[in-house]
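Hi,

Here's the structure I said I'd pass on.

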Amino acid sequence: MKEVINIKNISKYFGKFKALDSVNLNVLKGQKVVICGPSGSGKSTLVRCINRLESHDEGEINVLGHSLTDNRACLESIKSKVSMVFQQFNLFPHLTVIENLTLGPIKALGVSKKEANERALYFLDRVKIPEQAYKKPNLLSGGQQQRVAIARALCLEPKIMLFDEPTSALDPEMIAEVLEVILDLANDGMTMVVVTHEMGFAKKAADKIIFMDDGKILEENIPSIFFKNPKTNRLKKFLDQVLNY
Amino acid sequence: MKSFKYIFVLFFLASLASCSSGSGNWGWYVIDPTTKSGLANIKFLIGGFGATILLSIIAAFISIILGLVVALPGFSNNFFLRSFNRIYVEFIRAIPLLPMLFWVFYGLPVIFQSLGLKIEIDAFWGAVITLAISDSAFTAEIYRAGIQSISRGQREAAQTIGLSQFQAMRYIIFPQALRRILPPLANQFIYIVKMSAFASVIGMQELTRRANEIVVTEYRPLEIYTLLILEYLVLVLLISFAVRWLEKKLGSNESNSN
């Protein structure tokens, strides 16, 4: 299988704080990778480095055959091929749902307005909220907003989807509807990297689970082994805490 | 609170009027519309409204555009563009209006002359240029504050859907910032209206200049300057009402979920 993300030995500093410490990671086409770990462990930073929301200080990141640098041509070539869903949804509050969805395709990809609209309605249907198309985002529930955000990302027809704690800002009863949509995408063969604390989701969807602490990847395994036979004490302790409560 | 303002104004007017009938300190006859000379004086004084309003509107218009042109480079990744923004704002903001007016009106033509340019600056345009430039440093800061108040997440979301920096500003950041920018911009307009009084110093026939001229011929400063203040009060209150109305209109559409 083709390698779509290849991260070699990257480190990232925020001032003197080392947010990422020699991280290595490979993601194959169609693979679902779940990243978990305590807060401040560098999970979000790692994901944000993959679409260049953060720049890495050392090492190399290769995404879809392009080495990530500040070079404009490079950013141009990965833009919209790597899409992202945020913890805080980050919908555009001054635009309607459908305008949120069509803006990227029309302005960044040069898709016609008609086609962008059709695409938007298709993906709204896919995340099961076609009836909300002409409302402003603030009239929607948190779960609905996050599903709009997922549809917005999908409208760009990305090759890779990144999720940065997509359910952490949601009320408990809304988590399921969002995870369901993400699972549906996973079953469809989308390559995805998901930062989450939802261990049930990880067990169901992940091909590979990564545990991070202090900016390092401590463990990397398939779900069955990851949960049953954690190698490090740190992961044992972490799993004890998240699974028991 | 609202009605309090008007009661106060009425009270103020009533107390002034009562003075006129009593002691001999007041001489409202200079602007008594029932006499021929009083009416002429009033017409002359009120005739300054046009110039004050025109001057303020043109200066504000230029300042709003110039402010944006100055503010946007402040968000650039380029060090020199950012420096241009900071230097402009800090430098222009530091110059008092009156010296700047003198510099533009009396100084600038000297530069033009030495460059062999035949550009004349009359009082009106001298005042417009000065007010616009002086104010633009403040409008630039208003733009900056408004744009910065939009959360980083909006910028990041714009980036992840593939928008360029300019597109993100054009379609995402600026439309949201505009709602927050408008009220302080309107406030700044009131400031311009008041500062336009300085144009009287270089001979522009606006409200204050006309008042000064009548004072010189009639020797009735109290009455005429009182009327002058009321003239500005009317102008500023009108703008205030317009701003309230605008804020209400924008407020009803406000829909920030983030």
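Below is what turned up, starting with the interface and then moving on to the strands of chain A.

One thing to keep in mind: this is a predicted model, so everything here is computed from predicted coordinates.

**Where A meets B**

On the chain A side, 28 residues are in contact with 21 residues of chain B. Together the two chains bury about 2,000 Å² between them, and carbon and sulfur atoms account for 56% of that. As for charges, there are two salt bridges between chain A and chain B. In one of these, Glu54(A) is paired with Arg152(B), with 3.7 Å between the closest N and O atoms.

Which elements of chain A give two or more residues to the side that touches chain B? They are strand 6 (82–85), helix 3 (97–109) and helix 5 (142–154). Helix 3 of chain A gives the most, with four residues. By residue type, the chain A side splits into 12 nonpolar, nine polar and seven charged.

**Strand 9 of chain A**

Strand 9 of chain A covers residues 208–213, and six of its six residues are buried. In a regular strand, side chains alternate between the two faces of the sheet. Here both faces are covered: Lys208(A), Ile210(A) and Met212(A) are buried on one side, and Ile209(A), Phe211(A) and Asp213(A) are buried on the other. Note that the buried set includes Lys208(A) and Asp213(A).

Strand 9 also has partners. Strand 3 (residues 32–36) of chain A runs parallel to strand 9, joined by four bridges, while strand 10 (residues 216–221) of chain A runs antiparallel to strand 9, with five bridges. Phe211(A) shows up in both pairings: Cys36(A) stands opposite Phe211(A), and in strand 10 the bridge partner of Phe211(A) is Glu219(A). Strands 9 and 10 of chain A make a hairpin with two residues between them, and Asp214(A) in that turn has a positive phi of about 55 degrees.

**The four-stranded sheet**

Chain A also has an open sheet of four strands in the order 2-1-4-5, with antiparallel pairing. Its edges are strand 2 (17–28) and strand 5 (66–67), each pairing on one side only. Further in, strand 1 (residues 3–14) and strand 4 (residues 58–63) of chain A are antiparallel over five bridges, and Ile7(A) stands opposite Ile61(A) in strand 4.

Cheers

Note on methods. Residues are numbered from 1 along each chain as its sequence is written. Chains are lettered from A and ligands numbered from 1 in the order in which they are written. This is a predicted model: local features need pLDDT of at least 70, side-chain atom pairs count only at pLDDT 80 or more; totals for chains, interfaces and linings use all residues. Side-chain values use heavy atoms; hydrogens and water are left out. Contact means heavy atoms within 4.5 Å. Buried area is the accessible area (1.4 Å probe) that two parts lose on being put together, summed over both. A salt bridge is a side-chain nitrogen of Lys or Arg within 4 Å of a carboxyl oxygen of Asp or Glu. Ala, Val, Leu, Ile, Met, Phe, Trp, Tyr, Cys and Pro count as nonpolar, Asp, Glu, Lys and Arg as charged, and the others, Gly among them, as polar. Buried means under 20% relative accessible area, exposed over 50%, partly exposed in between (1.4 Å probe, protein chains only). Two strands pair if DSSP finds at least two bridges between them.
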